[in-house]
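Reader: I've got a model on my screen and a few things to ask about its side chains. Can you walk me through them?

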Amino acid sequence: MSYNQPPPPPGGAYGAPQPAYGGGGQAEHPQGTMILILGIAGIVCCGIAAIVAWVMGNKAQKEIDAGQYAPTSGVKIGRILGMIGTILMIVGAVFYLLFFVVLAANS
């Protein structure tokens, strides 16, 4: 070490340590993928799954809004698909009911 050079800065010469890859920040909601899968299933084949996705999505969104988790697209998309699937299920049930009412009236 030469006496003509200044000492290195405290904490190392390369600055502050960086967080690990993918580290830091808030975690994603642990049920985000499940909500998305239920939302898709509610649209495609099972209307009850849409209701569950909507309810779980609302609960997860409240937790995200409270700052417990980072906002993710899986929760938002699954919640919206749950809403759409529920509405489609209700509309289908109404048409199904009307079909049998008209069929019974014509008999």
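Reader: How many residues apart are Tyr96 and Phe100 in helix 3, and what does that make in helical turns?

Author: Keep in mind that this is a predicted model. Both Tyr96 and Phe100 sit in helix 3, 4 residues apart. That spacing means they are separated by about one helical turn.

Reader: Is Tyr96 buried or exposed?

Author: Anything over 50% relative accessible area counts as exposed. Tyr96 comes in at 56%, so the label is exposed.

Reader: How do the rings of Phe99 and Phe100 sit, stacked or edge-to-face?

Author: Their centres are 5.3 Å apart, and the planes make an angle of 75°. Planes over 60 degrees apart count as edge-to-face. So the Phe99 and Phe100 pair is edge-to-face.

Reader: How many aromatic pairs are there, and which residues do they link into a cluster?

Author: The count is 2 aromatic pairs. Tyr96 and Phe100 make an edge-to-face pair, with centres 4.9 Å apart and planes at 75°. Ring pairs tie together a cluster of Tyr96, Phe99 and Phe100.

Reader: Which helices each supply at least two residues of the nonpolar patch?

Author: The patch on the surface is formed by Ile40, Ile43, Val44, Ile80, Ile84 and Leu88, with about 530 Å² of accessible area together. Ile80, for one, lies in helix 3 and is partly exposed at 45% relative accessibility. The helices that each give at least two residues are helix 1 (32-44) and helix 3 (73-106).

Key
Residues numbered from 1 in each chain as written. Predicted model: local features only at pLDDT ≥ 70, side-chain atom pairs only at ≥ 80, totals over all residues. Heavy atoms only, no water. Patch = residues over 30% accessible without salt bridge, like charges linked within 9 Å, V, L, I, M, F, W, Y side chains within 5 Å. Areas by Shrake-Rupley, 256 points an atom, 1.4 Å probe, with all protein chains shown as cover. Salt bridge = Lys/Arg side-chain N within 4 Å of Asp/Glu carboxyl O. Buried < 20%, exposed > 50% of the residue type's maximum accessible area, 1.4 Å probe, protein only. Phe/Tyr/Trp six-rings, centres within 6.5 Å; stacked < 30°, edge-to-face > 60°.
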